[in-house]
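Open the model in your viewer and keep the selection tool at hand. The tour goes stop by stop.

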Amino acid sequence: MSRHWRAPFSLLLSAFLLPLCASAANSFENTAIVRIVDLGGALVHLTTTYAIRALEDGSNVYTIALGEQEHGHTSWLEAKLKGQTERLPLEDFGYHKDSGVYLYTVELPKALNVNQTANLVIETVQTHATYPWPEEAAQKDPQSLKYHSELLVLSPYKTAVQRTKIKSPSPQVHSYTTPESVEFTTDAVVTKAGATITYGPFYNIPPSATGTFVDKKQKEIVVHYALDFPVLEVTKLERAAEISHWGANLNIEDNYHFHNAGPRLKGHFSRLEHQSQGYFGRPAPHVIPSLQLHLPAGIHNVYYYDLVGNVSTSALRTTPSIPKGAEANRFSVLEMRPRYPIMGGWNYSFTLGWDSPLADYAGFDSKTGKYVVGVPIMTVIPGTVIDDAEVKIILPEGATDIDYYAPYPALSERISTHISYLDTVGRPKVTLKYKQLTDKHGGVIYVTYKVPSTAHLRKAIASATALLGFFALGLAVKRLDTRIRRK
Amino acid sequence: MPLAYSLPSNLSPATVTNTSSLLRIISLALISGAAIASRLFAVINFESIIHEFDPWFNYRATRVLAEKGFYAFWNWFDHTAWYPLGRVVGGTIYPGLMATSGVIYNVLHALNLPVDIRNICVLLAPGFSALTAWSTYMFTKEMKDESAGLLAAAFIGIAPGYISRSVAGSYDNEAIAIFLLMFTFYSWIKALKTGSAFFGTLTALFYFYMVAAWGGYAFITNMIPLHALTLILMGRFSSRLYVAYSSWYAIGTLASMQVPFVGFQPVRTSEHMAALGVFGLLQIVAFAELVRAHVSSKQFQSILFGSVIGIGLLGALAFGGLTYKGWIAPWTGRFYSLWDTGYAKKYIPIIASVSEHQPTAWPSFFMDLQFLIFLFPAGVVLCFRELRDEHVFVIIYAVVASYFAGVMVRLMLTLTPVVCVAAAVAFSSLLDTYIDPVEPEASDAAASPAEGTSAAGAAAAASDAGSSKKAKKAAAPDPGVASGILAAVAPSGSGPKSRGIFGLDTRGLVVFNALGMLLFFVLHCTYVTSSAYSSPSVVLASTNPDGSQHIIDDFREAYYWLRQNTPEDAVVMSWWDYGYQIAGMADRPTLVDNNTWNNTHIATVGKAMSSSEEVAYPILRKHDVDYVLVIFGGLIGYSGDDINKFLWMVRIAQGVWPEEIQEPNYFTPKGEYRIDDAAPATMKNSLMYKMSYYRFAELFGGNQAVDRVRGQQVPKTGPTLDYLDEAFTSENWIVRIYQVKKEDPLGRDLKAANAFANGKKRKKSKPLSRRRAVA
């Protein structure tokens with residue numbers, strides 16, 4: 001899981017701070033909490049709006065709580081004030097053992113006085129929160145998923161009103177839970193209108209981020225809904241970006257392992273049915289026949305192959321480079337057709353690579369004498385989760401003073417040596433590893449490094465020396481007399 | 001002396017030598033470039049991919065070598081091939097090719113050039129073709145001179161007969177073997193000429209490399225002894241021959257026995273006995289020469305007479321006895337099939353079922369060699385005219401290789417080098433004659449205007465005549481042949497000085513014609529290479545209506561599906577043609593593959609394919625088969641599919657189970673091979689037929705389904721399958737994969753279970769429990 005927030009406190013420190021936190025529970029109250037759940041395939045987007053009111057002067061640290069299950073699925077979390085685009089700083093307090101919840105604190109841009117209010121919007125993205133149900137579907141069958149969630153939004157503060165709205169991507173909702181004996185409401189617990197299911201409103205909820213509340217009052221809800229789009233997962237993505245100063249080239253090579261996480265194909269694949277579905281224009285929802293990838297503009301020498309060779313079924317449309325600084329609104333589009341349609345439960349892997357002008361990505365900082373190269377972490381595929389990602393950035397041979405700035409910290413990072421064509425000492429390689437990346441995680445890793453001009457000449461000198469040595473050897477051998485007896 | 005055109009006279013001999021040597025180097029470099037470039041059509045038109053069938057195994061083995069090291073490769077037991085038997089790869093292959101790629105791979109990686117092993121494998125054959133051109137140059141240089149050598153190098157570089165087995169991606173033993181063949185022959189000739197043990201050893205070393213690389217080494221094993229024997233019979237025994245042959249045979253044989261696949265064959269099989277016999281004979285002859293130097297000639301006569309008869313009888317008896325006792329293996333079937341083209345079809349149908357083992361059709365000689373094929377005899381005649389030791393070699397080589405090329409399409413490959421050499425000798429003699437500026441002296445030739453005009457007339461006629469006649473006539477006015485004819489016609493004719501060509505025009509005509517032939521040769525080679533020999537056969541190409549290339553990629557689609565979506569130990573059964581490809585691309589165990597060493601196992605697959613489901617099912621289950629793969633071209637008209645190969649499966653199965661499988665049952669009473677309504681019941685019930693046409697008719701949506709390969713109408717109600725399930729069909733239906741069902745959990749017969757699942761009523765009259773799924 002990769003998050004963009006800091007986790008600066010050691011476990012000890014957080015244990016020390018937590019009681020403090022709990023005591024601070026009196027500093028706010030929630031006048032309203034509205035959670036909107038946008039159901040999807042591999043990803044579920046949650047937007048929770050907290051309307052908060054300060055109970056003490058100078059309150060500026062708001063605490064939010066995630067239940068254990070919820071926390072396990074969440075891979076992206078960001079806090080904003082409503083109507084503003086700036087992210088608020090988040091701090092991770094980790095697992096709070098007594099109450100069984102994970103706590104995060106949001107630092108408000110300015111402290112609130114008594115009775116002042118603010119609207120805090122927390123956006124989270126959940127991965128692997130849904131699963132196909134039924135687990136198997138024949139080729140003609142529709143696709144349905146189930147989503148499990150908790151009924152009430154946990155908060156360490158008192159809450160006046162709370163609602164949860166679950167929006168299904170299609171109005172076809174097969175079933176949803178109607179929880180029994182919920183005590184905070186008198187009306188119907190749940191109402192459905194079109195594709196939206198609304199739980200609540202629930203009134204006057206006490207501070208709920210406690211173990212007893214979670215055990216006694218929390219309810220689980222399940223929504224079973226139809227999805228018309230395939231559920232694509234990337235089980236593994238390896239990206240290697242190689243920077244070449246001699247070639248003024250940034251080569252990016254991605255190694256994808258796709259998996260169709262929709263319902264497993266029941267029985268076997270029938271080409272006849274697949275072809276007739278295509279003929280009548282009614283493709284099955286859980287089949288991935290092709291995939292559109294938005295690659296950067298200005299790329300050339302694009303190649304896509306798998307273990308047995310070129311994927312001849314694909315097509316590419318490129319666009320020229322966009323001037324630096326301009327908004328990236330044009331893309332090269334790769335219409336990637338896997339060798340076979342990816343049915344539910346099937347896998348497919350392939351390698352995609354391209355060259356792009358280094359000038360589009362690199363700059364030179366004359367103050368520090370360092371080069372700055374921005375390497376995109378991934379090609380964003382909307383609605384897709386990347387379970388394991390490894391980004392390798394290979395710098396030119398002889399690069400020193402290497403620094404890198406990732407938009408969110410990696411799970412592991414390492415600098416090693418990579419040896420490639422005509423290298424003598426090898427090139428530095430930065431490896432970053434991530435898990436559970438979503439379409440929100442698209443970002444750029446900035447790498448800065450110095451390359452002394454002697455390092456540029458190293459390759460040329462090395463190959464020239466080798467060739468000269470070879471010729472010298474040839475000269476010597478030609479002049480050597482190996483005859484035993486002179487004639 | 002009159003000259004037809006003037007030559008610059010102010011050049012020092014050193015300048016001429018240096019310039020010609022530089023020109024030779026540049027020409028050789030260009031020829032190498034052309035040889036490599038013309039083999040790259042496959043990469044440019046398609047991609048850098050391994051072609052066909054056997055190369056896929058070589059590639060797979062090379063990957064093992066590159067990834068795990070030489071010893072792991074040497075001891076590699078491939079348990080995924082010939083399931084459940086497995087295959088000792090290290091002991092059943094010629095490792096030369098893989099070792100060569102492995103060495104190149106390791107050297108490049110040591111130099112920090114991390115080239116992909118696939119690219120090394122793909123480009124190995126073009127690279128070695130450049131070396132072949134060079135070794136052919138060296139060989140031909142020994143026959144005539146450097147200019148003939150350059151011509152031969154250019155010929156072999158682009159001759160389609162050699163390109164057919166060495167395009168980029170054709171990663172097969174022949175890729176390096178032709179270079180080794182030519183270089184071994186070159187060093188043999190060199191050793192014979194100089195009597196040098198060094199070159200004899202070099203011959204032995206390259207012979208060893210050849211043995212490690214290709215089963216065709218037996219050709220060298222018999223060519224060199226044949227040459228030596230001929231020389232002895234011609235009375236040309238010399239110490240040079242003795243040294244060359246003995247050093248070659250002793251070192252070469254010992255070295256060749258180090259290859260595990262060859263082992264003790266060089267002393268135990270009939271194919272190698274000729275070499276041993278000639279070796280013995282040489283010792284005797286050498287000893288006899290020694291004796292002759294010491295005793296008087298009369299005594300020697302009687303000693304010789306007695307000993308020759310005695311030793312000859314003894315040798316023949318020993319050979320016969322050893323063969324009888326089984327110490328020496330008799331000739332193998334493959335060997336017999338070289339002499340009797342009908343032999344394989346009768347006794348070893350597996351060999352006969354391979355298309356490249358068929359006798360050569362006449363047009364393919366022209367297609368593969370173009371004008372070389374009619375220059376070739378002229379070159380051989382010229383060899384007869386000089387008849388030094390090395391020319392005897394070329395003559396023998398030409399005769400033997402011509403025969404073999406006529407027997408087997410595949411052996412066209414061994415013919416090509418000698419054709420190139422002989423044609424180059426002939427062509428360069430022609431050019432020598434007509435470019436030489438020296439004119440016969442007119443004053444001296446008072447009696448010879450007739451001759452002059454006849455020669456000129458011949459040349460003029462040559463320019464008018466058709467292309468085939470052109471060559472013969474062009475070869476005819478060569479000084480040697482012409483003088484021979486003239487000498488026969490007019491024994492009292494003038495001296496040698498009067499022979500020659502008058503004037504620039506005759507020279508121009510002939511040279512112009514010759515150059516034209518060369519030009520057409522280049523065009524022909526380029527055309528044939530690009531259109532006929534550069535298809536990877538893994539990928540099929542067709543053309544879209546707008547002229548762009550459309551790739552039909554069904555094989556890789558299906559193999560990749562197997563690789564990604566089936567368990568790693570799933571056993572795949574298919575006809576043996578696809579075994580190597582499945583192992584290489586799908587990485588799954590196979591029952592049989594292109595290394596056709598076990599006829600019974602192949603016949604088992606043939607039996608399963610050609611019998612009904614009920615009979616085949618126990619066979620499939622006993623062999624743990626999970627998937628069955630068939631190739632079906634009926635939808636898009638791909639004619640190399642399994643239904644067309646089906647009769648071979650039947651024949652091979654019949655060879656082992658003559659009671660159960662009979663070929664005539666697969667024909668209609670009229671003797672036709674049909675798949676439509678008129679097909680016989682045995683055919684319609686066979687597993688192969690069912691798997692090929694399963695649900696095929698439904699694709700046509702009620703219209704009449706047509707099989708485009710056989711041009712026959714497929715029955716509307718297609719076959720049903722009870723013991724297999726369709727698992728995957730590729731986009732153009734070329735590859736169809738079926739999963740073998742497990743036994744019914746309730747213990748019913750699968751047919752009954754299927755009928756029950758489809759809601760069919762059970763017929764009471766038929767007791768079903770009798771048929772159990774697995775014995």
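Are α1(B) and α7(B) parallel, perpendicular, antiparallel or oblique to each other? Select residues 13-38 of chain B for α1 and residues 117-143 of chain B for α7. The two helices pack at an angle of about 140 degrees, with their axes 8 Å apart. Axes are lines fitted to C-alpha atoms, for helices over the stretch in contact, and angles run from 0 to 180 degrees between N-to-C directions. α1(B) and α7(B) are therefore oblique to each other. Angles under 35 degrees count as roughly parallel, over 145 as roughly antiparallel, 65 to 115 as roughly perpendicular and the rest as oblique.

Before moving on, some ground rules. This is a predicted model: local features need pLDDT of at least 70, side-chain atom pairs count only at pLDDT 80 or more, and totals for chains, interfaces and linings use all residues. Residues are numbered from 1 along each chain as its sequence is written, while chains are lettered from A and ligands numbered from 1 in the order in which they are written.

From α1(B), pick Leu28(B), Ile31(B), Ser32(B), Ala35(B) and Ile36(B). Among their partners on α7(B) are Pro126(B), Gly127(B), Ala130(B) and Trp134(B). Contact here means C-beta atoms, placed from the backbone, within 7 Å. By class, this contact has nine nonpolar, three polar and no charged residues. (Ala, Val, Leu, Ile, Met, Phe, Trp, Tyr, Cys and Pro count as nonpolar, Asp, Glu, Lys and Arg as charged, and the others, Gly among them, as polar.)

Zoom out to the whole of chain B. Its C-alpha trace spans about 110 × 70 × 65 Å along the principal axes. Colour by secondary structure: chain B has 35 helices and 10 strands. These are DSSP runs, numbered from the N terminus: helices are H or I, at least four residues, and strands are E, at least two.

Next stop, the contact between the chains. It takes 26 residues from chain B and 23 residues from chain A. Select 554-565 of chain B, α28. α28(B) gives the largest share of chain B's side, eight residues. By class, that side has 12 nonpolar, five polar and nine charged residues.

Finish on chain A. Colour domain 1 (11-226) and domain 2 (232-460) separately; such bounds come from an automatic or database domain assignment. Their C-alpha centres lie 34 Å apart. Where they meet, 19 residues of domain 1 contact 25 residues of domain 2.

Note on methods
Contact = placed C-beta atoms within 7 Å.
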